[in-house]
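Student: I am new to this structure. Please take one part and walk me through it closely.

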Amino acid sequence: MVYVFRSLLFFLFTTILYASSNKENVSVQLNWKYQFEFAGFIAAKEKGFYDNAGLNVEIREFNPQINILKDLKEEKSTFSVYDFSVLSLEKQKDSIMLIANYFKRSALVFVTRQDIITPFDLKNRVVMMEGEQVELSTLNALLRKFNISKKDFTFKQHTFNPQDFIDGKVDAMSAYFSNEIYELKKSHTPFNIIDPQAYGIYGSGVNVFTTKKLIQSNPELVKKFITATNKGWEYALKNKDELVNIIYEKYSKQKTKEALLYEAKQIEKLMMPSIYDIGEIDKQLLQRSVNEFVSEGLLEKRFSINDIVFDLYKGKDTQLTFTKNKESILKTKMKLLCVLILTGCLMRSWKRANL
């Protein structure tokens, strides 16, 4: 009996060891600090969705010393999180692909002093931004639209601490309205928001990119990663309190639990889960961003978005049988797109009238 028991233990141990050794090691590089913005990835790791998919995933927090896209192209990271502004680099489109989109609009904005109302007012002021945001982001597209370069303001490297704005050390800072706004409201600090979308620059948030090389060599790995991440996001949205505790206890105490929960509620609005499938890439909204980059000269020529989007369901039967609910969702999406377009037109008309 003892021999049988020992044999069974040995079998279980070797099975577990073999299974873990056969997991594929991958990494995902985030473009900000650990917070609820990345709860889907964290939930997929902590709740075993990556494990079940045969993946050993390292979730890497952002730090200013790295170049996210360079690391991706050099295969130092398997997946990277960025916004649509990556498309403004013409040379990137030949090497990377968009494989998932989680926030249907970007939460990245400028938070400014009350006397800073338009992008023009940023000139000769102290602006705190992350270095890559100056070169590549919807904020960069906004500055370029108003012919503002880095030499027109005093640049300060982001400390990821809104207290610098509250204490008056900077006049403006890049921020996520799902994030830092909570601290500003709590401190009763007066502020303005300059949102790129109000000026016709439509971005999105938490977009996942990988290389075309990986998609061509191992498309199943990409599919497994995205499928597991989607499950993580579904779990995170349904269990916000649990994920807040996990992030706070295991990943970062930079934000309070109350701030993380505030962020969680804002993020669900950005994801629009009642309208979009989690991780779904809306090609119409993506095309809108591409058109804006073209009109502002950030892209030298038009290109097909089908060349930069990885179709997760390619080769499967994707014929849709529309129920009344699906028809309603489609109509809602179209209305949303029309509202975005109309808003952009109105803002342009208003600016022309006031220049």
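Tutor: One term comes up at once: two strands pair if DSSP finds at least two bridges between them. Keep in mind that this is a predicted model.

Start with strand β10, residues 205–211. This strand is mostly covered, with 7 of its 7 residues buried. Strand β3, residues 79–82, pairs with β10. The sense is antiparallel, and there are 3 bridges. Take serine 80: its bridge partner in β10 is phenylalanine 209. Strand β4, residues 96–103, also pairs with β10 in the antiparallel sense, over 6 bridges. Here methionine 97 stands opposite threonine 210 of β10. In a regular strand, side chains alternate between the two faces of the sheet.

Helix α10 spans residues 219–238, and helix α11 spans residues 240–251. Their axes lie 5 Å apart, at an angle of about 105°. That makes α10 roughly perpendicular to α11. On the α10 side, Tyr235, Ala236, Leu237 and Lys238 make the contact.

Ala39, Ile42, Ala43, Lys45 and Glu46 of α2 meet Leu243, Ile246, Ile247, Lys250 and Tyr251 of α11. This contact counts 7 nonpolar, no polar and 3 charged residues.

Definitions and conventions:
Residues numbered from 1 in each chain as written. Predicted model: local features only at pLDDT ≥ 70, side-chain atom pairs only at ≥ 80, totals over all residues. Heavy atoms only, no water. Axes fitted to C-alpha atoms, helices over the stretch in contact; angles between N-to-C directions. Helix = DSSP H or I, 4+ residues; strand = E, 2+ residues; numbered from the N terminus. Parallel < 35°, antiparallel > 145°, perpendicular 65-115°, else oblique. Contact = heavy atoms within 4.5 Å. Buried < 20%, exposed > 50% of the residue type's maximum accessible area, 1.4 Å probe, protein only. Nonpolar A, V, L, I, M, F, W, Y, C, P; charged D, E, K, R; others polar.
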